[in-house]
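Subject: Handover of a structure

Dear colleague,

Please find below the structure that I am passing on to you. My notes on it follow, and I would ask you to read them with the structure open.

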Amino acid sequence: MKAKKMFVAFLMAVVMVVTSPSVFAYTGFGDTLQEAVMLYRWGYSYEDQFTLPIDNINDYDYYVIDYTNGDQSAMGFHISMKPQPGAIYDLQLIETDSNGRIIKVTDYNDNTIEKNIWHSLYNGHKAYIRVSSHGFNDYGKDYTLKFKRVV
């Protein structure tokens, strides 16, 4: 009887692990602004990096730089993103003010492989970075997104 209960508990644990969303899932990884993956917040490391693929044409990966409680009146940062050969991915910068209102949107969607963003963010603001497919055949390959606070 005890072995049967342990087997059922094990089976339930396996089902929960297999069916639950994971931070390492492709679709399901920072797919909305509300689910954005933290790149930086005061007290975090000045550098961070993620490597994963865009899963399909409708997959977006959002990251957030949260400077709502910063140590200075403003900070600068650099974002670089480069996919593996054979894919072109786009970047978008979305800046919000201290009230959460979108105040700036900049698209980096040209045909270049590597994309770079240099930006300053005022204390109290957040910046969201969106990675997406450039075209119908541009998905399924890993990209590496790097963040570095520069000021």
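**The central strand and its surroundings**

Eight of the nine residues of strand β8 (residues 125–133) are buried, so the rest of the structure largely encloses this strand. Here, buried means under 20% relative accessible area with a 1.4 Å probe, protein chains only. Strands are DSSP runs of E with at least two residues, helices are runs of H or I with at least four, and both are numbered from the N terminus.

The model is predicted: local features need pLDDT of at least 70 and side-chain atom pairs count only at pLDDT 80 or more, while totals for chains, interfaces and linings use all residues. Residues are numbered from 1 along each chain as its sequence is written, and side-chain values use heavy atoms, with hydrogens and water left out.

Which strands pair with β8 in the antiparallel sense? One is β3 (residues 60–67), joined to β8 over eight bridges; in this pairing, Asp61 has Val131 as its bridge partner. Another is β5 (residues 89–96), also over eight bridges, where Glu95 is partnered by Ala127 of β8. Two strands count as paired if DSSP finds at least two bridges between them.

These strands belong to an open sheet of five, in the order β1-β3-β8-β5-β6, with mixed pairing. At its edges lie β1 and β6 (102–108), each of which pairs on one side only. Strand β6 is antiparallel to β5 over six bridges, and Ile94 has Val105 of β6 as its bridge partner.

**The nonpolar cores**

In soluble globular proteins, nonpolar side chains tend to be buried together. A nonpolar core is a set of buried Ala, Val, Leu, Ile, Met, Phe, Trp, Tyr and Cys residues joined through side-chain atoms within 4.5 Å. The largest one has 26 residues, and Ile129 and Tyr63 are among those with the most contacts inside it. Strand β4 (74–83) is one of the elements that give two or more residues to this core, and the largest share, four residues, comes from β4.

Leaving aside neighbours within four places in sequence, Ile129 is in contact (heavy atoms within 4.5 Å) with residues including Tyr63, Ile79, Leu93 and Leu145. A second, separate core of six residues includes Met38, Tyr62, Ile94 and Tyr128.

**The chain as a whole**

Of its 151 residues, 38% are buried.

Yours sincerely,
A colleague

How values were computed. Buried < 20%, exposed > 50% of the residue type's maximum accessible area, 1.4 Å probe, protein only.
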